[in-house]
Amino acid sequence: MAKKPVSRSVLFYKRMIAATLALIIVTLAVVAICCALELRDARGELQELQDKLLELQLQAAEAEAERLQNVIPPEQPKPVGEASAADIIAENTLVAHAMGAAGDVVGLNCLEGFVERYEAGIRVFEADLRMTSDGYVVLRHDWVGGLQEGANPTNIPTREEFLSMRILDKYTPLSFRDLLLLMVQYPDVCIITDTKLLDTEAVTLQFQSMVDEAHSLGLSYLFDRMIVQVYSPEHYAVVDGVYHFPHYIYTLYQDYFGRTEDSFRNKVVFCEENGILGLTLNAEVWDPAYAPIADWHGVRVCVHEIDDVDEAKELLRTGVRAIYTNTLVPADMETDADTAAEND
């Protein structure tokens, strides 16, 4: 039996349906592609937003860390019962020059010298102070070469570089910040500064750095255990203009001294009028006739720099109140009577 022929109208409709389905499929495919592209773009935009958010978070964290670093902590109160520099030096006759000798090596201003002298009974330490190339104060007599590799007057290190280099490849260097922290650890010591610089601008920068360092740690109370050495009335005015330190000592090694009683009296009167507790001079120019003048005006006289025990004892006998020394310790200064009393 022969198939019934399909009418043209039915065939037309079938083709129309197929074409429509094909168009729908193509449209859906195009829509799917467009959606995929939009999703990809959206994911890209989301990733960019996430990266930007992470960048902002990192920036905020860095800003907060910098803020916290620059925040000045509250000042710590002076511990109850802690002696002042005036009290400490009144009870001690020896001052460790340049923080004291480390073994038989002098003038290093190093940690080892401090510890060695402290354990031997020294409680008053003189510290030489210099500035690094990035404006911080460190313990160093001068920048002469040979103590630390690469450090010299034409190549002054930064503080970080200074602290990273051992002195003579053996000893530990100290910054002014380290010195403050040592004073916290050793509350029965006082420090006499020797800053050396006289130029007004340099003096201002140096002492402002010291004050800022103490403020940054909240340890300004430690200035009450520090005796600031000044070298002339003009130098005193500049230093005191930066910060009024509680204690000063006037040293004559950079100021003219006529070596007469009248000249000496003028110096101690200046100390008395300005509340300066002491006067330091070279042992070679000491005259016992100065002692009653200093006592009358309430000014302590110190001399530098003595390492001979007999000479030190003679100076103390004639009215000197304290002696700067590299190597002498309290046990050296004991008299035979003291030793006999201890043995009894």
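Phe125 makes contact (heavy atoms within 4.5 Å) with Val95, Ala96, Met99, Phe114, Arg117, Tyr118, Val189, Cys190, Ile191 and Ile192, when its neighbours within four places in sequence are left aside. The model is a predicted one, in which local features need pLDDT of at least 70, side-chain atom pairs count only at pLDDT 80 or more, and totals for chains, interfaces and linings use all residues. Residues are numbered from 1 along each chain as its sequence is written, and side-chain values use heavy atoms, with hydrogens and water left out.

Together with Phe176 and Phe264, Phe125 has the most contacts inside the largest nonpolar core, which has 67 residues. Such a core is a set of buried Ala, Val, Leu, Ile, Met, Phe, Trp, Tyr and Cys residues joined through side-chain atoms within 4.5 Å; buried means under 20% relative accessible area, exposed over 50%, and partly exposed in between, with a 1.4 Å probe and protein chains only. Helix H6 (residues 200–217) gives this core its largest share, 6 residues. Helices (H or I, at least four residues) and strands (E, at least two) are DSSP runs numbered from the N terminus. A second, separate core has 13 residues, including Val95, Cys190, Ile227 and Tyr324. In soluble globular proteins, nonpolar side chains tend to be buried together.

Charged side chains come next. The structure holds 13 salt bridges, each a side-chain nitrogen of Lys or Arg within 4 Å of a carboxyl oxygen of Asp or Glu. In one of them, Lys78 pairs with Asp224, with 2.4 Å between the closest N and O atoms. Lys78 lies in the loop between helix H1 (8–70) and helix H2 (85–90), and Asp224 in the loop between H6 and strand E5 (226–230), so this pair ties together parts 146 residues apart in sequence. Lys78 counts as partly exposed because its relative accessibility is 33%, whereas Asp224, at 18%, counts as buried.

Lys196 and Asp128 form another salt bridge, their closest N and O atoms being 3.3 Å apart. Since Lys196 lies in the loop between strand E4 (190–194) and H6, and Asp128 in strand E2 (residues 124–131), the pair ties together parts that are 68 residues apart in sequence. Lys196 is buried, with a relative accessible area of 13%, and Asp128 is buried at 0% relative accessibility. Asp194 joins Asp128 and Lys196 in a network of salt bridges.

With His97, Glu126, Tyr253 and His304, Asp194 lies nearest the centre of the second largest pocket, which is lined by 13 residues. On a 1 Å grid over the protein atoms alone, a pocket is an open set of points with protein on both sides within 12 Å along at least five of seven lines, a cavity is a set where a 1.4 Å probe fits but cannot get out, and lining residues have an atom within 4 Å of a point. The volume of this pocket is about 150 Å³, counted as the space filled by probe spheres set on points joined across faces, edges and corners. Its lining divides into 2 nonpolar, 6 polar and 5 charged residues.

The whole structure has 1 cavity of 30 Å³ or more. The largest cavity holds about 40 Å³ of space, and its lining includes Leu108, Arg140, His141 and Phe162.

Conventions:
Nonpolar A, V, L, I, M, F, W, Y, C, P; charged D, E, K, R; others polar.
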